[in-house]
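Subject: Handing over a structure

Dear colleague,

I am passing on the structure below, and the notes that follow set out what was found in it. Please read them with the coordinates open beside you.

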Amino acid sequence: MLQAKDGEEVYNWSEAQDQVFLRWSGGETATMHILVVHAMVILLTLGPPQADDSDFYALLDIWFPEKKSLPTAFLVDTSEEALLLPDWLKLRMIRSEVPRLVDAALHDLEPQQLLLFVQSFGIPVSSMSKLLQYLDQTVSHDPQTLEQNIMDKNYMAHLVEVQHERGATGGQTFHALLTASLPSHPDSDDAPRIKSSLEVPEGQGRSRTLAQFPVVDPEADLAGILLQLFPLAPDPR
């Protein structure tokens, strides 16, 4: 990597459309394959090794220098500016435990990108807090564009509440924007309960059932009682 920045041609690919010309803010330049750039960024997302981490931070300072802008990339064949960090790579950076990578991935994101990333899985609580804070700032700067890109406000509001339960901070302004236009739902506990017509008050069902039949005395004439309940029909003859 240091040799590439010094201007020596280390890599030789025939596919010029996949090569990018890189320029750092300090004036250093390099030409390399775009997949090599992505591979080094992916390597950084794994975090520093447990043993010697000097090479890790040296590589981190090259691609993501502190208090300096990131290097810019240009296509070798057309000299057009190239996208150095696509969305899938930014999402991987947000999922990492390296704060400098997370801050670089969240820098200058569009509202639709913020909404896409906040709905992704596997994001640590610290990174989710930064995402929610960026959404709060977007509500203050450009609420209309943000609101136009929200497909389901109810789902998004519930998502913010779930992230707060995880321990994430921020997102209060964004949550207020989501719930401002939602209809208020009464609490199910406060809703009046409709009593079923088939519901029998406690203690009355058994008494009504017993009241339908006379109480039979053990010493009474059983045959006479049966004749009272079921009288014999007169003989038609």
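Two strands are taken to pair if DSSP finds at least two bridges between them. The model is a predicted one, which should be kept in mind throughout what follows.

On that definition, strand S1 (residues 19-23) and strand S2 (residues 29-33) pair in the antiparallel sense, over five bridges. Within this pairing Gln19 stands opposite His33 in S2, and the bridge partner of Leu22 in S2 is Ala30. The hairpin of S1 and S2 has five residues between the strands, and in it Gly27 takes a positive phi near 100 degrees.

S1 is also joined by four bridges to strand S3 (residues 72-75), and S1 and S3 run antiparallel; here Phe21 stands opposite Phe74 in S3. Taken as a whole, the sheet is open and is formed by four strands in the order S2-S1-S3-S4, with antiparallel pairing. Its edge strands are S2 and strand S4 (81-82), each of which pairs on one side only. Helix H2 lies across S1 and S2, and runs at about 95 degrees to S2.

The nonpolar residues come next. In soluble globular proteins, nonpolar side chains tend to be buried together. In this model the largest nonpolar core has 52 residues, and those with the most contacts inside it are Leu22, Trp63, Phe64, Met93 and Phe174. Helix H2 (residues 34-45) supplies the largest share of this core, namely six residues. Domain 1 (17-84) and domain 2 (109-181) both give residues to the core, so it lies between them. As for Met93, if residues up to four places away in sequence are not counted, it touches Val41, Thr45, Phe64, Leu85, Leu101, Val102, Ala104 and Ala105.

Arg100 forms a salt bridge with Asp61, the closest N and O atoms being 2.7 Å apart. This pair links distant parts of the chain, with Arg100 in helix H5 (residues 99-106) and Asp61 in helix H3 (residues 54-63), 39 residues apart. Asp61 has a relative accessibility of 40% and therefore counts as partly exposed.

Arg100 also forms a salt bridge with Glu66, where the closest N and O atoms are 3.7 Å apart. This second pair again links distant parts of the chain, since Arg100 is in helix H5 while Glu66 is in the loop between H3 and S3, 34 residues apart. Glu66 is exposed, because its relative accessible area of 56% is over the 50% cut-off.

Asp103 forms a salt bridge with Lys130, the closest N and O atoms being 2.9 Å apart. The two partners belong to distant parts of the chain, Asp103 being in helix H5 and Lys130 in helix H7 (residues 125-141), 27 residues apart. Asp103 is partly exposed, with a relative accessible area of 37%, and Lys130, at 25% relative accessibility, likewise counts as partly exposed.

With kind regards

Conventions: Residues numbered from 1 in each chain as written. Predicted model: local features only at pLDDT ≥ 70, side-chain atom pairs only at ≥ 80, totals over all residues. Heavy atoms only, no water. Helix = DSSP H or I, 4+ residues; strand = E, 2+ residues; numbered from the N terminus. Salt bridge = Lys/Arg side-chain N within 4 Å of Asp/Glu carboxyl O. Buried < 20%, exposed > 50% of the residue type's maximum accessible area, 1.4 Å probe, protein only. Core = buried A, V, L, I, M, F, W, Y, C linked by side-chain atoms within 4.5 Å. Domains from an automatic or database assignment. Contact = heavy atoms within 4.5 Å. Axes fitted to C-alpha atoms, helices over the stretch in contact; angles between N-to-C directions.
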